[in-house]
Amino acid sequence: MKTKYFFILIIIVGTLFSCGSKTKSDTKNEDLKNQIVEKEKETYSSDSLNLDLANELITMYLAYANEFPQDSLAPEYLFKAAEISMNINKAKNSIDYLTEIENNYKNYDKYVATLFLKAFILENYLKNFEDAEKYYSIVVEQYPEHSLAQDAEAAISFLGIDDEELIKMFQQSM
(Lines give C-alpha, C1' and ligand atoms only; values in the text may rest on other atoms or scores of the structure.)
Protein backbone atom coordinates (compact mmCIF):
# COMPACT_ATOMS: atom_id res chain seq x y z
CA MET A 1 0.00 0.00 0.00
CA LYS A 2 2.82 2.42 0.90
CA THR A 3 4.55 1.54 -2.37
CA LYS A 4 1.42 2.49 -4.31
CA TYR A 5 1.26 5.93 -2.62
CA PHE A 6 4.96 6.42 -3.13
CA PHE A 7 4.64 5.86 -6.91
CA ILE A 8 1.60 8.15 -7.10
CA LEU A 9 3.55 10.82 -5.21
CA ILE A 10 6.51 10.44 -7.62
CA ILE A 11 4.19 10.78 -10.61
CA ILE A 12 2.51 13.89 -9.18
CA VAL A 13 5.79 15.55 -8.26
CA GLY A 14 7.30 14.66 -11.65
CA THR A 15 4.28 16.08 -13.45
CA LEU A 16 4.41 19.30 -11.47
CA PHE A 17 8.09 19.82 -12.20
CA SER A 18 7.78 18.98 -15.88
CA CYS A 19 4.85 21.34 -16.39
CA GLY A 20 6.38 24.17 -14.44
CA SER A 21 9.89 24.13 -15.75
CA LYS A 22 10.94 26.14 -18.75
CA THR A 23 13.60 24.98 -21.11
CA LYS A 24 16.64 27.11 -21.88
CA SER A 25 15.14 27.71 -25.31
CA ASP A 26 11.86 28.97 -23.84
CA THR A 27 13.71 31.32 -21.53
CA LYS A 28 15.93 32.60 -24.33
CA ASN A 29 12.86 33.09 -26.53
CA GLU A 30 11.06 35.13 -23.86
CA ASP A 31 14.19 37.14 -23.04
CA LEU A 32 14.77 38.05 -26.67
CA LYS A 33 11.11 38.98 -27.16
CA ASN A 34 11.26 41.26 -24.13
CA GLN A 35 14.49 42.84 -25.36
CA ILE A 36 12.87 43.46 -28.75
CA VAL A 37 9.83 45.10 -27.16
CA GLU A 38 12.10 47.41 -25.16
CA LYS A 39 14.24 48.22 -28.21
CA GLU A 40 11.08 48.98 -30.23
CA LYS A 41 9.92 51.41 -27.53
CA GLU A 42 13.32 53.07 -27.52
CA THR A 43 13.53 53.20 -31.32
CA TYR A 44 10.05 54.62 -31.87
CA SER A 45 10.01 57.02 -28.91
CA SER A 46 11.29 59.99 -30.91
CA ASP A 47 9.97 61.75 -33.99
CA SER A 48 13.00 60.86 -36.08
CA LEU A 49 14.49 57.45 -36.64
CA ASN A 50 17.84 56.93 -34.94
CA LEU A 51 19.98 54.96 -37.40
CA ASP A 52 21.96 53.12 -34.70
CA LEU A 53 18.81 52.04 -32.86
CA ALA A 54 17.19 50.99 -36.14
CA ASN A 55 20.16 48.81 -37.01
CA GLU A 56 20.20 47.29 -33.52
CA LEU A 57 16.49 46.49 -33.83
CA ILE A 58 17.00 44.89 -37.24
CA THR A 59 19.80 42.76 -35.77
CA MET A 60 17.52 41.65 -32.95
CA TYR A 61 14.68 40.81 -35.34
CA LEU A 62 17.02 38.72 -37.47
CA ALA A 63 18.51 36.97 -34.45
CA TYR A 64 15.04 35.99 -33.30
CA ALA A 65 13.97 34.75 -36.73
CA ASN A 66 17.18 32.72 -37.09
CA GLU A 67 17.06 31.29 -33.57
CA PHE A 68 13.32 30.50 -33.60
CA PRO A 69 12.31 29.99 -37.26
CA GLN A 70 9.23 27.94 -36.33
CA ASP A 71 7.85 30.63 -34.02
CA SER A 72 4.90 32.62 -35.37
CA LEU A 73 6.83 35.84 -34.71
CA ALA A 74 9.68 34.89 -37.04
CA PRO A 75 8.02 36.10 -40.27
CA GLU A 76 6.62 39.15 -38.48
CA TYR A 77 10.08 40.15 -37.31
CA LEU A 78 11.49 39.56 -40.80
CA PHE A 79 8.74 41.80 -42.21
CA LYS A 80 9.52 44.51 -39.67
CA ALA A 81 13.23 44.21 -40.47
CA ALA A 82 12.38 44.66 -44.14
CA GLU A 83 10.29 47.76 -43.47
CA ILE A 84 12.99 49.41 -41.38
CA SER A 85 15.68 48.46 -43.90
CA MET A 86 13.66 50.03 -46.68
CA ASN A 87 13.33 53.23 -44.66
CA ILE A 88 17.05 53.49 -43.95
CA ASN A 89 17.97 52.92 -47.60
CA LYS A 90 19.03 49.30 -47.29
CA ALA A 91 16.70 48.10 -50.00
CA LYS A 92 18.75 45.05 -50.95
CA ASN A 93 18.65 43.82 -47.35
CA SER A 94 14.94 44.44 -47.30
CA ILE A 95 14.51 42.28 -50.41
CA ASP A 96 16.52 39.50 -48.73
CA TYR A 97 14.25 39.49 -45.68
CA LEU A 98 11.10 39.54 -47.80
CA THR A 99 12.46 36.71 -49.94
CA GLU A 100 12.99 34.65 -46.79
CA ILE A 101 9.32 35.17 -45.90
CA GLU A 102 8.29 34.37 -49.47
CA ASN A 103 10.24 31.11 -49.46
CA ASN A 104 9.61 29.88 -45.92
CA TYR A 105 6.38 31.37 -44.58
CA LYS A 106 3.67 30.99 -47.21
CA ASN A 107 0.98 30.83 -44.50
CA TYR A 108 2.05 34.11 -42.92
CA ASP A 109 -0.95 36.44 -42.66
CA LYS A 110 0.98 39.24 -44.40
CA TYR A 111 2.22 37.00 -47.20
CA VAL A 112 0.50 39.01 -49.96
CA ALA A 113 1.70 42.26 -48.39
CA THR A 114 5.19 40.73 -48.43
CA LEU A 115 4.97 40.17 -52.20
CA PHE A 116 3.54 43.65 -52.74
CA LEU A 117 6.22 45.32 -50.61
CA LYS A 118 8.87 43.39 -52.47
CA ALA A 119 7.49 44.69 -55.78
CA PHE A 120 7.31 48.22 -54.40
CA ILE A 121 10.94 48.17 -53.26
CA LEU A 122 12.09 46.64 -56.54
CA GLU A 123 10.30 49.39 -58.42
CA ASN A 124 10.99 52.46 -56.31
CA TYR A 125 14.32 51.79 -54.64
CA LEU A 126 16.14 49.40 -56.96
CA LYS A 127 14.53 50.50 -60.26
CA ASN A 128 14.17 46.85 -61.26
CA PHE A 129 10.92 47.25 -63.19
CA GLU A 130 10.94 43.75 -64.68
CA ASP A 131 10.99 41.98 -61.32
CA ALA A 132 8.64 44.56 -59.82
CA GLU A 133 6.10 43.78 -62.53
CA LYS A 134 6.54 40.06 -61.86
CA TYR A 135 5.65 40.48 -58.18
CA TYR A 136 2.83 42.94 -58.78
CA SER A 137 1.42 40.45 -61.30
CA ILE A 138 1.59 37.62 -58.78
CA VAL A 139 -0.51 39.69 -56.39
CA VAL A 140 -3.06 40.52 -59.12
CA GLU A 141 -3.29 37.03 -60.61
CA GLN A 142 -2.97 34.78 -57.57
CA TYR A 143 -4.72 36.98 -54.99
CA PRO A 144 -7.35 38.94 -56.98
CA GLU A 145 -9.65 39.32 -53.96
CA HIS A 146 -6.93 40.76 -51.72
CA SER A 147 -7.13 44.47 -50.93
CA LEU A 148 -3.69 45.02 -52.47
CA ALA A 149 -4.65 43.51 -55.86
CA GLN A 150 -6.08 46.80 -57.17
CA ASP A 151 -3.04 48.71 -55.95
CA ALA A 152 -0.78 46.20 -57.68
CA GLU A 153 -2.76 46.55 -60.90
CA ALA A 154 -2.45 50.34 -60.74
CA ALA A 155 1.27 50.06 -60.01
CA ILE A 156 1.74 47.90 -63.11
CA SER A 157 0.02 50.49 -65.29
CA PHE A 158 2.36 53.24 -64.05
CA LEU A 159 5.51 51.13 -63.82
CA GLY A 160 8.62 52.90 -65.04
CA ILE A 161 6.91 56.26 -65.51
CA ASP A 162 8.76 59.02 -63.68
CA ASP A 163 7.04 61.55 -61.42
CA GLU A 164 7.07 64.37 -63.98
CA GLU A 165 5.32 62.22 -66.57
CA LEU A 166 2.75 61.14 -64.00
CA ILE A 167 2.02 64.75 -63.16
CA LYS A 168 1.59 65.60 -66.83
CA MET A 169 -0.73 62.61 -67.33
CA PHE A 170 -2.78 63.64 -64.31
CA GLN A 171 -3.05 67.26 -65.49
CA GLN A 172 -4.10 66.15 -68.98
CA SER A 173 -6.86 63.96 -67.57
CA MET A 174 -8.43 66.90 -65.74
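In this predicted model, glutamate 123 touches Asn128, Phe129, Ala132, Tyr136, Ala155 and Leu159, leaving aside residues up to four places away in sequence. Glutamate 123 itself belongs to helix α6, which covers residues 111-124.

**Charge at glutamate 123**
- Glutamate 123 is buried but forms no salt bridge.
- The nearest side chain of opposite charge is that of lysine 127, 7.3 Å away.

**The largest nonpolar core**
- This core comprises 44 residues, and Ile36 and Tyr136 have the most contacts inside it.
- Two or more residues each come from α2 (24-43), α3 (51-67), α4 (73-87), α5 (91-104), α6, α7 (129-142) and α8 (149-157).
- Tyrosine 136 touches Glu123 and, among others, Phe116, Phe120, Ala152 and Ile156, not counting residues up to four places away in sequence.

**Helix α7**
- The buried residues of α7 are Ala132, Tyr135, Tyr136, Ser137, Ile138, Val139 and Val140.
- These buried residues pack against α5, α6 and α8.
- With 14 residues at 1.5 Å a residue, α7 should span 20 Å, and the 20 Å between its end C-alpha atoms agrees with this.

**Positive phi in two loops**
- Most residues other than glycine have a negative phi.
- Asparagine 89, in the loop between α4 and α5, has a positive phi of about 60°.
- Asparagine 89 counts as exposed because its relative accessibility is 66%.
- Lysine 127, in the loop between α6 and α7, has a positive phi near 55°.
- Lysine 127 has 52% relative accessibility and therefore counts as exposed.

How values were computed. Residues numbered from 1 in each chain as written. Predicted model: local features only at pLDDT ≥ 70, side-chain atom pairs only at ≥ 80, totals over all residues. Heavy atoms only, no water. Helix = DSSP H or I, 4+ residues; strand = E, 2+ residues; numbered from the N terminus. Buried < 20%, exposed > 50% of the residue type's maximum accessible area, 1.4 Å probe, protein only. Lys, Arg positive; Asp, Glu negative; His and termini not counted. Salt bridge = Lys/Arg side-chain N within 4 Å of Asp/Glu carboxyl O. Contact = heavy atoms within 4.5 Å. Core = buried A, V, L, I, M, F, W, Y, C linked by side-chain atoms within 4.5 Å. Expected span 1.5 Å × (residues − 1).
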